[in-house]
Every structure is written in C-alpha cells, then in structure tokens.
Amino acid sequence: MELYNTATASKEHLDLGHEVSLYVCGITPYAATHLGHAFTYHTFDVLTRILQHDGHSVNSVRNVTDVDDDIFRVSRERSVPVDQLVSSEMEIFHTDCHALNMLPVTHEPYASGAIEAMIARVGELVACGAAYVVGGTVYFSVDSFPSYGQVSHYDTSTMRSLSRLRGANPDDPNKRNPLDFILWQPEAPGEKSWDSPWSSGRPGWHIECSTLAESLLGLPVDIHGGGEDLIYPHHESEAAQAEACSTSTTFVRYWAHVSHVAYEGEKMSKSLGNLIFARDLRAQSGARAVRYFLSQFHYRTSWEYVDSLFAHAAGKFAHLDVLCDADARIEETAAEELASEVLNHLRNDLDTVSAAAAIADFIEKAAGHQSSQGSPLRTVIDPLWELIGIAPKVPAATPSHGVPHHGTVA
Ligand SMILES: [Zn+2]
C-alpha cells in the first residue's frame, strides 16, 4: 500500500509489520461532529479497513482533548461544567461515528487521564536541557532540537505566522525563541489544574498527544495522522518533544494529513462557526449516502461543501442502491476483477474517488444485463462499498401491503 508521507513530501510504499500502530488526533469535544471532523475520521477509517483487509492488525488511538484552552473557554461561555460539556459532546460524536459505520478505535484516552505521565516527560525534557522554566511555565526550547521543522519543512517565518494564527503566542516575552512552545502552564482562575514541580497548572496541548501515543502504542508510531492544520505547530512539536534528549528515538514513521473542508468560502471551523453537521446530513439522506458523499473527495484535496453537491451525490447513491437490487447476476471472474480494481485504487494513497467510480460504473453496466449465472449484484457490491465505509444495506422490512420498498436507510 502506498500513502503520502507529509514529512518526506512523497508517496511511499508502507513497510509495515503484522501489527500496525495508528495515532489520529481526536476531537476537542465541542461542535461535534462537523463535516471536517467526519472527513478526517472517514479517511482514517478507510485506511484501517484496507490495512485490515490486507492482513494487518491495527492498534489505533484517537485521543480526546479534554484539557485545552478552547474547552475551558466554551465551558465558561455556555456556563456548563467542563465534565458535562465533554460527556455530552462525546455522546454526539460516538453516535455519529457509530451511525456513519466508523470502526471502533482500540483506545480512546482522555488527556486528563494521563497527566502524571505528561509531568514525567516534561521533567525529563527540563533535566536534559531541552526545556526551561520561567515563573511556573515550562517551555520547550526549539534551539535545543536541530531537527525542528522535520515534519512540516516550513521556514521560520511561516512557522512564526502560523504560531500567531493558531494561538501559540510567538510574542510571549518569556520565550527565548518565538517558536518555543508551552509544555506546562500555571492554572488560570476557575480552570482545572494539577500539582507539578513547576506550578499548579496543566500540560500544553502538544505534550498530551505525544505522551498518549508513546504510552499506548510505544515508539515509533507507524502512522500518525490528523487534519492538515495540525502539521504545524502541533505535530512538529509532538515530534520534537518525543525525540529530544535521545539520539536514537524516532517518534513517527509515516505522517498522514487530511485536507480541510470549506464552507461559505472559508475553512469549516469551530472558531468561525461555519459548520455543517454530520447528523443533519444523515437526517436528510441517511448515513450510507453521507459516506458515499465523503468518498467523492480525495483526502489530500481541499473541497468546499455545497448543498447541491451533497444532494447530487445522495441522489446518485440512491439510484445505485436501487440498481443493486435489480435481478442481475455477476460471474465470479467479473466480480474478482472489480474487487481487485477497487483495492488497487484504495492501496494507491487511498484513492476513494476512483474506487467509488469503478463500483458505480460496474453497477450501472451490470444492472442492464440480465444473466442467470453467478452471484446477485448486491452480494458483490456490498463488501466493496464497505471498504470505503458504506454499511451494507439493511433489508427493508416488507411492508404489510407487500410493495417493495427502496427508501434510504439511516
Ligand atoms: Zn494531537
């Protein structure tokens, strides 16, 4: 299987053992589950399905960032305790993931459950000179780590402007280098805090993920992914924290990033509030149509959500679904050829677009040819749809008046 590796800026053949470790940055639980989230988790769900199909056992982690500036801010704004906000948003997220036929991940750790391990790692970084303390704040020193930039390959001025844009405060006068980032910060009034050797406070965001990845998967992690806006500073800083103080540690072997989804001309984001929610699309056309729609975009191409695009895809999927129930039979050779074509597309950097198109073309052609030999079309197609995350169609209960029913299934 080939996958594009952000760190080498090239499509690489994945050299993997039987067990594959996969870490995908999870949600900060508010505004779940918008379409940008859904597109990211759809992508790693398809990756997991292909790896499993090819005989690998996938050990996956998707964390929950429940200790974070944003979650504390939203909790204040909505006057809802943090724990209550987190649990209600996670319930929505799980409901969406389940409805969208996403495979369960192996581990779903909460950042708040691993604070001791984070404090231990920050202590190591201070001890080896990769981090320094000012007041009660601990900063990572990027000048101590010559490989800083190995994931993103951004130049200093790009890093500096992204730091500013993404709230990393390069203008903090306590920083020795504007790109230094926080490993530990003192508590702000009303926020959750933990005791540490430096102050009563909480970990920085980046140390949450690298610590969880190391403790649950061990290093190196085979594949680490997330949305493309996490490349810098989040993933760049995760790698620095995990590899500093050692000359032999590799944090991650392959970095995979999913492009953003736009809406109304801007990246769909919680801060802008231009959000389309997975549950609304499910309610309109069913979860299977939503997965088909997501498969129409390659994960490394940014795209913009437009109502008419979704309506068109949902209409096409409903049509294909009706054709699949036609009385067509497929001979074994043709079924095998189609399966191998679909798998080849998916093994080529997760080309869901070509895979879905191959399935759709096959259905359209097959439905017009009556044959008495082979397997019913539906039994050939459903396992292939499932590779891109579309659940098998649940047979509709026969209505009491006996009329066949071709409605969409939620
Ligand atoms: Zn992360």
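The expected span of a helix is 1.5 Å times one less than its number of residues; helices (H or I, at least four residues) are DSSP runs numbered from the N terminus. The structure is a predicted model, in which local features need pLDDT of at least 70, side-chain atom pairs count only at pLDDT 80 or more, and totals for chains, interfaces and linings use all residues. Residues are numbered from 1 along each chain as its sequence is written.

**View 1. Helix 1 and the residue that follows.** Helix 1 has 19 residues and reaches 26 Å from its first C-alpha to its last, close to the 27 Å expected at 1.5 Å a residue. Of these 19 residues, 15 are buried (20 or more other C-beta atoms, placed from the backbone, within 10 Å of their own), so helix 1 is largely enclosed by the rest of the structure. Just after helix 1, Gly 55 takes a positive phi of about 95 degrees.

**View 2. The largest nonpolar core.** This core (buried Ala, Val, Leu, Ile, Met, Phe, Trp, Tyr and Cys residues joined through C-beta atoms within 7 Å) has 111 residues, and Phe 140 and Ile 359 are among those with the most contacts inside it. Helix 1 (residues 35-53) supplies the largest share, eight residues.

View 3. Ile 231 is found in helix 7 (residues 231-243). With 19 other C-beta atoms within 10 Å, Ile 231 is partly exposed, a class between buried and exposed (12 or fewer). The C-alpha atoms of Ile 231 and Ser 152, 79 residues apart along the chain, are separated by 6.0 Å.

Methods:
Helices (H or I, at least four residues) and strands (E, at least two) are DSSP runs, numbered from the N terminus.
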